[in-house]
Amino acid sequence: MQINLKKVASQWHGAIVVAPVVSLGILAVRALGWMQPLELAALDLFFQLRPPATTDERIVIVGATERDIENLGGWPTNDWILARTLDKIKAQQPRAIGLDIYRNRSIAPGSQKLERIFRSTPNLIGVEKVVSPIIPPSATLKSLNQSSSSDVTLDSDGVLRRAILFPLPGQNIQSLGLAVALIYLHSRGVPPQTAENGALRLGAATFKPFESGDGGYVNVNAGGYQILLDFRGVSKFKIVSLTNVLHDRVPKALFRDRIVLIGGIAPSLNDAFFTPYSRSEGDPPMRTSGVEIQAHLASQIIATAFGRRSNILVWNDALESFSIIANSTIVALAIWQWGRGSKKRSASKLLYVALAVATIGGTGIAIGSYALFLGGWWVPVVPAILATVGTAHCLVIYIAAGNLRKAARESEILRSQLATTASQLEAKIVRENALPEPSPKSPPAHPLSPEQEKNRQRLKERYKERREPSSNDSTFNRD
């Protein structure tokens, strides 16, 4: 069965013209990064709408609150207080301890005691900052290969949405969340492996490195080894104060077989970041402490390794582009099919139909994208909605412009026909009302009889005589 392409193009020219133009325009705008803020805002909204996960009982945070800082006389606390805190936590036999406190110099008293704790606790991980500005680690922990990175990466709007597993390419410096998660997983018989593409594999999960154009991002910094951070929600970890730990006001088995992260959570420490939940939690926006960020990362790694959650997945560029073109094409075909079905459909009805299609299509895309997000996929929702709405409105304009051009052509033809008809009518009227001119050689309409002609000649001579002057009259005139 052969398809007459010329006929198809003639019948569907509106959809064929509008859909590609709108799609290419949206793809071009997206490639310039102008849609990235809207895409990130949509991602944040999906996080906020998603049912929060339950509290992760595998992780406990020992946080330094404002009251702790006041009781301890300042921050950071001295080595003796820190050593005593670590000793009490260590006594409950946790799986891993993450110290999210910079300790690149000693703070007397208690430096020797803290040194002994460092050397006798193989599951203790300290932190350093390896990306400018650099903050060195504890020399003791560094020498024991028990140091990790606390570096984070922020988007252009200041929101933290990605996590760093390895901040420096080619170097085995792990982030704090990854380091304590690896210790926990190793104790549960889940060692780290390397996938065929070089990615990190843990149990059932492969952690695909983030690329600069993943999801709604466009040409962002993808340095190091990053992943999209899958937050559990707001405050989804057990948090106890540093003072309560020092005074034994916590359950005796609270830390057993768990990951314990120690760090400051007081707002005055300025170690907090905006997250996708910030704008939904009051004004001014709430910030999440750095130690909680590391807890979210450790929780995500462990849950995905056990197959209970999945990392956030994204479509490749080709599939994202196809989805935008497909949405635009479907809307164009639907509206064009309805719009060309009857010549009696007014422009207002066509506009209503276009608005209905755009609304239904945009709503369907939003709901579908949210459903995919619940399943672990982040797909471009804003370009698809803009393709739907933009195609509907542009096609209405295209149809209206075509109707105007058609009406103008028909009006010109009608004027030409009227002019021709008027000219023909005028000529007909002239022909019908014109009088015939008499011929100069034609005989009189009523010829005279011989007697009448004789009398006519006699009268003519008499008239002529009277007109001529006599001789007497001439003499008189000369005198």
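The questions and answers below go through a predicted model of one protein.

Me: How many helices and strands does the protein have?
Reply: The protein whose elements are counted here has 479 residues. Its secondary structure is made up of both kinds of element, with the counts being 15 helices and 15 strands.

Me: What share of the residues in the protein is buried?
Reply: A residue is called buried when its relative accessible area is under 20%. Of the 479 residues in the protein, the buried ones make up 40%.

Me: Which strands are the edge strands of the open sheet of six strands?
Reply: The open sheet runs in the order β4-β3-β2-β11-β1-β10, with parallel pairing, and the twist from one strand to the next averages 25°.

Me: Which residue in β3 stands opposite Ile97?
Reply: Strand β2, which covers residues 96-100, pairs in the parallel sense with strand β3, residues 124-128, over two bridges. In β3, the residue that stands opposite Ile97 is Leu124.

Me: What angle does the direction of helix α10 make with that of β11?
Reply: Helix α10, formed by residues 290-305, packs on the sheet and touches β1 (59-64), β2, β4, β10 and β11 (259-264). Taking the direction of the helix against that of β11, the angle is about 160°.

Me: What part of the accessible surface belongs to carbon and sulfur atoms?
Reply: The accessible surface of the protein comes to about 27,300 Å². Of that surface, the part belonging to carbon and sulfur atoms is 57%.

Definitions and conventions. Residues numbered from 1 in each chain as written. Predicted model: local features only at pLDDT ≥ 70, side-chain atom pairs only at ≥ 80, totals over all residues. Heavy atoms only, no water. Helix = DSSP H or I, 4+ residues; strand = E, 2+ residues; numbered from the N terminus. Buried < 20%, exposed > 50% of the residue type's maximum accessible area, 1.4 Å probe, protein only. Areas by Shrake-Rupley, 256 points an atom, 1.4 Å probe, with all protein chains shown as cover. Pairing = 2+ DSSP bridges. Axes fitted to C-alpha atoms, helices over the stretch in contact; angles between N-to-C directions. Contact = heavy atoms within 4.5 Å.
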